[in-house]
Amino acid sequence: MKKEILKIQNLTKTYTSGLIRAKETIAVKNASFKLYSGEILSLVGESGSGKTTIANLILRFIQPTEGEIFYEGKEIHDIPTKDYYLNVQGIFQDPYSSFNYFYRIDHMLNQVFRYSLKGITNKRKALESALSIVGLNTDDILGRFPHQISGGQLQRVLIARALLFKPKLIIADEPTSMIDSSSRADILNLFKELKEGTTNTEGISIIFISHDIGQAQYISERVLIMKEGSIVEQGLTEEVFLNPDHPYTKNLLACCPSIYRKWELD
Amino acid sequence: MTEEVIKIEDLKGYYRGSFGIVHAVDGVSLSVNKGDIMGIAGESGCGKTTLAELITGRPIKLLQHEGGQVYVNDLSMYGVDEEVIRKEILCKVMGYVPQASQNSLNPVKKIRNFILDAMRERVGTKPKNKEKVLNQVAEHFKKLGLEKSVMDKYPHELSGGMKQRVVIGISTLWNPLILILDEPTSALDVTTQQLLIETFTHLKKIGIVETILFISHDIPVLAQICNTCVIMYAGRIVEKASMDDIINNPQHPYTKMLMCSIACFNPDGSAETKLEGIPGIPPDLKSPPKGCRFYPRCSSRLEKCKENYPPFFISRTESIPVACWLYEEVGD
């Protein structure tokens, strides 16, 4: 029986704009789902469906309007900030803007050690092992500036940064959308490997947020389909993508371009 | 009888600046036949957009035309005056929708005023009977699936797909028979993407455009609309084939590896095959390698690939032009 790692209950987030005639925008509406240890869950939806808002809520960047998020049975806002981020880490869409271009890449990775030294005695060795997990060569990365390496490599450095914390849960918010298709496959495979874990390390649970249905199908065991802030369908990837229930999912899948079929265009 | 509408001969375009010389398009030859919908695919930085800029004959400032010719309906784009291209060819013979052009709509002007502006720029004078002209434009927009009320809106009131339709509508006002689309669907949701692609086929069906050059990095999207496709790598074309052959029967090692790296939705079940990325990164186009540009990343490279750039060989089995030494003997 798999352990429940994250539980989200009736989560709602509304943004209010304006003072006198306040206008409310509902970003996430009454979302509930669970994440089990050692699985990849995909959040799929079109732009504006609230995918990133859910990521930001889980990462505690914003406060929920209603509802609760439990990490290993505890409400996340009751967990001390530092403890929480040692277990839950994020990877974001734009690897280029996550770096300070005045500093070498080492600088960002070394900042991790100021925050946490969980089980780390030799910093250089920790860096080497984290970089080798993501398939990078230490000599190619350390000592370089961010503009000297490619976007795919930068994204992998950011994954290595997250791994230095030895997290149990990674929230990956559109991690591949700014990366070339040739390195995209490597990143997807890397997530699959991280989920499996190795003999020494436990597998990491991943919430994979994407608008790309093909990637979600490739990477995840379970999938959530979101529309305008609500979860319209959730279930095992194969079931949802082969026999969608909800009309929105059916429409979404019918519109998805694929090399395996052609649309009937008039 | 096929008729060539665009013919490109050994086209070269380099970016020159304080950063050095970037060989963005370096010897591209291509011909597009009337009625084709041709896809141009490749990784970012392979020269797709630069090629489109060069075809329209008015490269942006840093980009310089270094050699080769582009013939549009037998008229040489680099042999005539810029004014002629501007007045006679762009929009009238060839429409060009640049990348992210939906963002070029003026935010403080209503769409109708923006259109009048664009028309004045094209025709030279303001149209005398505004209402009549705008009614004609509205008729045209209807064919693209836009309501007349769009004309009285500001750009921020429109959705991304509608904005894209507006700019496509403006570039097809004069019925250009050739339409060049640079990443028209990349910032849009899948449902909007499909509607837009339906619009393109509709435009072709009713005869507003005949030939489409569709630039995109998204091969599944290209597969829906294109009948032929060229694959570019590091400023050069590596393979020209029909869309079906590119997908089911790729010849060039790069095309093969590219097809293996795409995570594509499979409606018949989960994608069981493991994806494989392409190791390494594309070459720095400031100093491109002497031999085959894919040599450092290629898994089936030969000794001679390092020194000599391969010409196009025709693979005997498929009769597809492929720029790869592996097909040398087959072609003889």
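Reply: To begin with chain B of this predicted model: its secondary structure comes to 10 helices and 12 strands. The C-alpha trace of chain B spans about 70 × 50 × 45 Å along its principal axes.

Me: Why does the radius of gyration of chain B agree with that of a compact globule?

Reply: For 332 residues, a compact globule would have a radius of gyration near 20 Å, and chain B has 21 Å; therefore the two agree.

Me: What makes α5(B) roughly parallel to α6(B)?

Reply: Helix α5 (residues 160-171) of chain B packs against helix α6 (residues 190-205) of chain B at an angle of about 20 degrees, and their axes are 10 Å apart. Angles under 35 degrees count as roughly parallel, so α5(B) is described as roughly parallel to α6(B). The crossing of these two helices is right-handed.

Me: Which residues of α5(B) and α6(B) meet, and how do they divide by class?

Reply: Gly160(B), Gly161(B), Gln164(B) and Arg165(B) of α5(B) meet Thr192(B), Leu195(B), Leu196(B) and Thr199(B) of α6(B). The residues of this contact divide into 2 nonpolar, 5 polar and 1 charged, where Gly is counted among the polar residues.

Me: What makes α4(A) oblique to α6(A)?

Reply: Helix α4 (residues 123-133) of chain A and helix α6 (residues 151-164) of chain A pack at an angle of about 130 degrees, with 9 Å between their axes. Roughly perpendicular covers 65 to 115 degrees and roughly antiparallel begins over 145, so α4(A) is called oblique to α6(A). The crossing of α4(A) and α6(A) is right-handed.

Me: How do you know which classes of residue form the contact of α4(A) with α6(A)?

Reply: Ala126(A), Ala130(A), Leu131(A) and Ile133(A) in α4(A) meet Ala160(A), Leu163(A) and Leu164(A) in α6(A). Ala, Leu and Ile count as nonpolar, and the contact accordingly has 7 nonpolar, no polar and no charged residues.

Me: Why are β6 and β10 of chain A said to stand at the edges of their sheet?

Reply: The open sheet has 6 strands in the order β6-β7-β8-β3-β9-β10 (chain A), with mixed pairing. β6 (88-91) and β10 (230-236) of chain A each have a single partner strand, so one side of each is left without a neighbour in the sheet. From one strand to the next the twist averages 15 degrees.

Me: How do you know that β6(A) and β7(A) pair?

Reply: Pairing requires at least two bridges, and β6(A) forms 4 bridges with strand β7 (residues 169-173) of chain A, in the parallel sense. Gln89(A) stands opposite Ile170(A) in β7(A).

Me: What makes β2 and β5 of chain A edge strands?

Reply: In chain A, 4 strands form an open sheet in the order β2-β1-β4-β5, with antiparallel pairing. β2 (23-36) and β5 (74-75) of chain A each pair on one side only. Strand β1 (residues 4-17) of chain A pairs with strand β4 (residues 66-71) of chain A over 5 bridges, in the antiparallel sense. The bridge partner of Leu6(A) in β4(A) is Tyr71(A). Helix α1 (residues 51-58) of chain A packs on this sheet, touching β1, β2 and β4 of chain A, and its direction makes about 65 degrees with that of β2(A).

Me: Which element gives the largest share of the side of chain B that touches chain A?

Reply: The contact takes 34 residues from chain B and 35 residues from chain A. On the side of chain B, α6 and α7 (219-225) are the elements that give two or more residues, and α6(B) provides the largest share, 7 residues. The residues of that side divide into 16 nonpolar, 13 polar and 5 charged.

Key. Residues are numbered from 1 along each chain as its sequence is written. Chains are lettered from A and ligands numbered from 1 in the order in which they are written. This is a predicted model: local features need pLDDT of at least 70, side-chain atom pairs count only at pLDDT 80 or more; totals for chains, interfaces and linings use all residues. Axes are lines fitted to C-alpha atoms, for helices over the stretch in contact, and angles run from 0 to 180 degrees between N-to-C directions. A crossing is left-handed if the near helix is turned anticlockwise from the far one by less than a right angle, and right-handed if clockwise. Two residues are in contact if their C-beta atoms, placed from the backbone, lie within 7 Å. The radius of gyration is taken over C-alpha atoms; the globule rule is 2.2 Å times the number of residues to the power 0.38.
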